[in-house]
Amino acid sequence: MKKILVTGGAGYIGSHTVVALQQAGYQPVIVDNFSNSEESALAGIESILGVKVPTYRIDCGNEAALRGVFEAEKDIKGVIHFAAYKAVGESVAKPLAYFQNNVGSLLTLLAVMPDFGVENLVFSSSCTVYGIPDALPVTEATPTKPASSPYGRTKQMCEEIVHDVSAAPTNKLRTILLRYFNPIGAHESAKIGELPLGVPNNLVPYITQTAAGIREKLTINGSDYETPDGTNVRDYIHVVDLAKAHIVAVQRLLDRKASESVETFNVGTGHGNSVLEVVQAFEKASGQKLNYSIGPRRPGDVPAIYADATKAAQVLGFKTETSLVDSLASSWKWQQTLK
Ligand code: UFG
């Protein structure tokens, strides 16, 4: 079994990818500092897979500790790098922490990988790199615009770092940059899922916590956008579908099929849904009415963005399989397992 190091492997997308890797015949190895993830994710992974996944409780930005992992595991074939801070609002309040953690951990990884002959990297990027796009849907060739938050800027900077490192004459690194749209949902077993800390920033955990009675009501952030129903439009992708994109990306790198040293793919469904449509789909999925009201716009929100998913379909053979209603049903099932 080929070993794949998964930084942030106990996190939301990381945990689902660890499960998908093992099920696809790889040996995942988790690195996580548990700063924004829970030990319970490891129990969930083990319960689904029936085996323990080797896990190192270290900070990916700690070079000596990271070297120790590569030494101990010896034959790592590739890395999927999830470990990063991801809250847009928090990044405005703590920009330095975001640059140190998100950029710092990538730099450390890129410094260590060549010393162990590891040449394959899948990097977690985001549709946030497009800023406010001029035209929809966005393709990988859509020019990036200024990011609306330090978080978004860290993703843009990390992409540029990967390009510059890859352009060096002696470079052997091969990278696939995956630009995720909005991941939602949970594993069908409801043994792993999203574990937001405190009051959720993101739409779907806020919806499920409201339905569970933890929050009084959802506030929709504005209904006066130039979109069909006035609310923001996003491309919501089921996290298990998203996890599968990492498997095909890793396979492509290991098969040496990548046509360039850095390849970029949008990972979305190709469909945009408004916030109101998500609320309606949730009501259908859960069979209950959601308490919500319309509030003011949230600063920094992009009015509408969704993926052109053609490149991932044509080059990677990747297509999403889960509908919005089914994705939300899995979120609801997961919420009901939480206290
Ligand atoms: N929304 C509400 N009410 C809420 C929460 C969200 O109306 O209580 C709306 C938002 O205004 C937005 C949509 O729901 O229109 C989705 O919001 P999310 O916060 O779930 O996600 P974003 O589209 O803001 O995504 C951003 C970045 C991503 C990043 C993600 C992670 O664009 O790159 O946050 O937090 F990955």
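A polar contact here is a pair of N or O atoms within 3.5 Å; within protein, one must be able to donate a hydrogen and the other to accept it, and residues adjacent in sequence count only if both atoms are side-chain atoms. The model is predicted, so local features need pLDDT of at least 70 and side-chain atom pairs pLDDT 80 or more, while totals for chains, interfaces and linings use all residues. Residues are numbered from 1 along each chain as its sequence is written, and side-chain values use heavy atoms, without hydrogens and water.

| Residue | Protein atom | Distance to ligand oxygen |
|---|---|---|
| Ser126 | polar side-chain atom | 2.5 Å |
| Asn201 | polar backbone atom | 3.5 Å |
| Leu203 | backbone N or O atom | 2.9 Å |

Of the 690 Å² of accessible area that the ligand has on its own, the protein covers 87% (Shrake-Rupley method, 1.4 Å probe). The shell around the ligand holds 20 residues, and Ser126, Asn232, Arg234, Arg298 and Asp301 are the closest (a heavy atom within 4 Å). Strand S8 gives the most to this shell, with four residues.

The domain assignment, automatic or from a database, gives domain 1 (3-184 + 237-267) and domain 2 (203-234 + 270-337). The ligand lies between them because both give residues to its shell. The centres of domain 1 and domain 2, taken over C-alpha atoms, are 24 Å apart. In contact (heavy atoms within 4.5 Å) are 25 residues of domain 1 and 23 residues of domain 2.

Definitions and conventions. Helices (H or I, at least four residues) and strands (E, at least two) are DSSP runs, numbered from the N terminus.
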